Number of protein chains: 2
Amino acid sequence: MLKLKPKRIEITTGNKWIAVLQQNNADKLDLHPGDRIELTAGKGKNKKIVNAILEISDDGNGIGDKNIGLFSETWNRLGVKKGDIVNVGLCPKPLSTIYIREKLTGQHLDYKKIDFIIRDVVQEDLSDVEIAYFVAGCFIHGLNDQETIDLTRSIVRNGSRLNFGKGKIVLDKHCIGGVPGNRTTMLIIPICTSLGLTMPKTSSRAITSPSGTADTMETLAEVAIPADKLMKIAKKVGGFIAWGGGVDLAAADDKMIKARHPLSLDPEGMLLASIMAKKFSAGSNHVLIDIPVGEQVKISNKKDGDCLKKRFEQIGKKLGMKVKVILTDGEEPIGKGIGPALEAIDVMNSLQGTPDASRDLREKACEMAGMLLEMCGKAKVGKGYNMAKEQLESGAAYRQMVKIIEAQGKKTLYPKLSKLKHAVKALKSGSVKYINNALIARIARVAGAPKNAGAGMWLDKKLGDKVKKGEVLYTVYADGQEALERALTFTNDGVYKIG
Amino acid sequence: MLKLKPKRIEITTGNKWIAVLQQNNADKLDLHPGDRIELTAGKGKNKKIVNAILEISDDGNGIGDKNIGLFSETWNRLGVKKGDIVNVGLCPKPLSTIYIREKLTGQHLDYKKIDFIIRDVVQEDLSDVEIAYFVAGCFIHGLNDQETIDLTRSIVRNGSRLNFGKGKIVLDKHCIGGVPGNRTTMLIIPICTSLGLTMPKTSSRAITSPSGTADTMETLAEVAIPADKLMKIAKKVGGFIAWGGGVDLAAADDKMIKARHPLSLDPEGMLLASIMAKKFSAGSNHVLIDIPVGEQVKISNKKDGDCLKKRFEQIGKKLGMKVKVILTDGEEPIGKGIGPALEAIDVMNSLQGTPDASRDLREKACEMAGMLLEMCGKAKVGKGYNMAKEQLESGAAYRQMVKIIEAQGKKTLYPKLSKLKHAVKALKSGSVKYINNALIARIARVAGAPKNAGAGMWLDKKLGDKVKKGEVLYTVYADGQEALERALTFTNDGVYKIG
């Protein structure tokens, strides 16, 4: 046991519960980086204990051997102030590290073990390196169907849930991503709920894309809404389009993404569990999943798509959910807007059927909404598409969207765009043969999306469109000159190919 | 490109080349934790460029959006001072991250790819999480013989080497560890070199044990000796017992250990490569490897030992080295001293044949030295043991040890012990049935070994010894009362079992 003075470290870059000892103090307790230590501060009723992850500083000037460095959150959780004393003792590693090692060695984990790991991930009791080993184990050995279901259930258990009551039909849709734009959700929800169905949609913010559905919706209405209020909204207008992080559904997921990013690891079982956990937590029982297939997206061929489709359906069945999976074209952006406000305008145009509404966005939304209507028995087989189309063309879906926006907390029906823009023009005539999705996403992000909601791109031309030399291909929007110029450095012949 | 002011962060806990951006600045360049950024400072001749690993701070008070946080080493390497400007640009991830991903997916890596990884490990260009993924890939998929040889060669290439000239017989021995005490090296080197043979020995400091051979030797003589001086010593007295870290042989190894520790991962191929690289770098061509087998050490049964033995021999053959591997008893500590000074005294007693010399240490050393003498043709088959024994009993080995100590830089021939000690006595009579190696190691470490060279344990009784109630089993040495008491909290019935 050591008695040290707490020293606050303001910079949080990784795990929350980190404490830093100078090398000589670590040696006194025979400790190594990543070991756990028990920190105790206060007395009597004010006594607080935190099990922290140890980092060791070999930099003589850094911590000092009378002190223990505490990251801000550890400092707050221990409730210490300058001059206090922190008792430092030994503490075993969480059991979950043993189970992570088992997964690495190729053993299958049962529900109890998986749940230990997920609980510790959510509570920030595992270090980045330990979570990386779990990701590696799942990536290499895969997760079998039972493990995937157990992981799903555990992610559900370690987050909040919505409950619409037994027997109630609750719809949802999900796209596994990779296609810029593609804001079909914001058309499908109003189409289905305008028919009296329940469709509560929690979406993510952008991770690597220029905008998530939550970012786009946020330009029109509030999206960070607590669970109890979401339930009221759903009862009132049938559905919502909210940010999942606001209700803490599937909280484990975000924490694992940080470990997956450095090598872009996407273990299929984790992907499946992540998606299904979000649907299950939201109370959904009829789910349509959109898998874009194409050379520029996660799933590059039909065979892989079919395989993933089968797993989604199997897991859905075991969880008691009706799941339908469709493979769609992932070769070009869907819609014209890229970036929160630009996408929202695209959606509102498409709901209203204005002259520059996106035909592809409307079409895909009606197809998918139609499938959902057929899945839940609202429409007869073969009649779903027409029923959806009717809601869109009659304006019922647009009026329903306005109701949803008002129920969530309306901001505007036509968000502002960034004040600076630059149109990129065709260098020759022909037709658009190819659009580079990755470059589109990068340009929009560097222009400021999603942080600057008005930034991004408007795609004036789409795949197959005829173009004359000098005509505008796309327009880049940014809040400031510097961001606009940075974004324009990525514009070149490779973004659009004219042939 | 961003222009920011450098802010020095004094606490180094992980990689050296780390830079910290506040979240909003990272968003401007579309960057995520673990991405690489190019930092440029200075102008003209003073211009310096560093590719750093990015961490992102979401703590508003931490870095500030006009600043970039630089860990001390990054600060020094960039040569900045307060008020300077650092240009921050994008920079691709090292190619080695792609090869790490390949290893994770089960592909075999060729020499070129392995060498990219090892070079980046040595240069600190890979993050802890990335190195962890490499360890995971090697742990799960294993390294085949060719990869192990390539890894060995790469570790050799990315460190220093000793060269004794073509055709020269150079001996070495290695123990894969796990047994406390076991300082046979310090008897074998003087035995062999007293016969005119060359035996340059580089050893490690303690990682998880109470003392490494380098720590023990350091109580008698200097051990941090540069390569050129080591060559002179070897020419003068035939051999030395130096710290490997001082000559930077196999530098990649230490960096990988940090990633292996959290889950105690010991990929066999890495273990093999690490050992063989050290031997190869030291110029050795006749190597004896000691694999202790027992329930308390790394290798728990003969079958695993035989399998490892075969791999050592195969790899040795491919590297052009003569390698002999022996399986020895790993059930109890060898010798009586645990901790640097206590082990050194045990060695010196055993070389001199004093009444309390350790019989088991002398015996094991003569057996192993004998094998080396036979391997290199100095002794005829079957005559090695006696030749070694003769050197020990005649005092020739002791006189040679004194020469080696003097050549390296003598400190003393009888190091000081810690001033406080506590004898732990038998609670009943009987004979020693079991000694818990892990507890022995922990007690000695908590008592202060290896940092406090005089701290540790003296094992007054060994396995099989008769004991009367009240007789001393072992004695704990520590520099201070606090450390002694901390160490004694680990002493209990489980350390020695009397039956």
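A rotation of 180° with 0.0 Å of shift along its axis superposes chain A on chain B, at an RMSD of 0.1 Å. The model is predicted, so local features need pLDDT of at least 70 and side-chain atom pairs count only at pLDDT 80 or more, while totals for chains, interfaces and linings use all residues. Residues are numbered from 1 along each chain as its sequence is written, chains are lettered from A and ligands numbered from 1 in the order in which they are written, and side-chain values use heavy atoms, with hydrogens and water left out.

The two chains meet over an interface of 60 residues of chain A and 60 residues of chain B. Contact here means heavy atoms within 4.5 Å. Of the interface residues of chain A, 100% are also interface residues in chain B, so the copies meet through the same surface. The size of an interface is often given as the accessible area lost when the parts come together. For chain A and chain B the buried area is about 4,900 Å², with 58% of it on carbon and sulfur atoms. Buried area is the accessible area (1.4 Å probe) that two parts lose on being put together, summed over both. In chain A, the residues that lose the most area to chain B are A:D30, A:Y133 and A:L263. Together they give 14% of what that side buries.

Which kinds of side-chain and polar pairing cross this interface? Salt bridges between chain A and chain B number zero. A salt bridge is a side-chain nitrogen of Lys or Arg within 4 Å of a carboxyl oxygen of Asp or Glu. Polar contacts, by contrast, link ten residue pairs across the interface, both residues at pLDDT 80 or more. A polar contact is a pair of N or O atoms within 3.5 Å; within protein, one must be able to donate a hydrogen and the other to accept it, and residues adjacent in sequence count only if both atoms are side-chain atoms.

Several elements of chain A give two or more residues to the side that touches chain B, including β1 (2-9), α3 (95-104), α5 (128-141) and α10 (251-260). Helices (H or I, at least four residues) and strands (E, at least two) are DSSP runs, numbered from the N terminus. The largest share, eleven residues, comes from α5(A). By residue class, this side of chain A divides into 26 nonpolar, 15 polar and 19 charged. Ala, Val, Leu, Ile, Met, Phe, Trp, Tyr, Cys and Pro count as nonpolar, Asp, Glu, Lys and Arg as charged, and the others, Gly among them, as polar.

Within chain A, the division is into domain 1 (2-91), domain 2 (95-142), domain 3 (171-408) and domain 4 (420-498). These bounds come from an automatic or database domain assignment. The C-alpha centres of domain 2 and domain 3 of chain A lie 30 Å apart. Eleven residues of domain 2 are in contact with eleven residues of domain 3. The area buried between these two domains of chain A is about 950 Å², and carbon and sulfur atoms give 82% of it. The count of salt bridges between them is zero. On the domain 2 side, α4 (111-122) and α5 of chain A each supply at least two residues. The largest share of that side, seven residues, comes from α5(A). The residues there divide into nine nonpolar, no polar and two charged.

Some local features follow. Over all chains the count comes to 50 salt bridges. One of them joins the side chains of A:R157 and A:D115, at 2.7 Å from N to O. This pair links distant parts of the chain, with A:R157 in helix α6 (residues 145-157) and A:D115 in helix α4 of chain A, 42 residues apart. A:E124 lies in the loop between α4 and α5 of chain A. A:E124 has a positive phi of about 65°, although it is not a glycine.

The peptide bond from A:A449 to A:P450 is cis, with omega near 5°. A:P450 lies in the loop between α17 and β15 (456-459) of chain A. In chain B, a cis peptide bond joins B:A449 and B:P450, with omega about 0°. A:T491 is found in the loop between α18 and β18 (496-498) of chain A. The side chain of A:T491 reaches the backbone oxygen of A:L488 at 2.7 Å. Not counting residues up to four places away in sequence, A:T491 touches A:V424, A:I443 and A:Y474.

Key
Least-squares fit on C-alpha atoms with pLDDT ≥ 70 in both.
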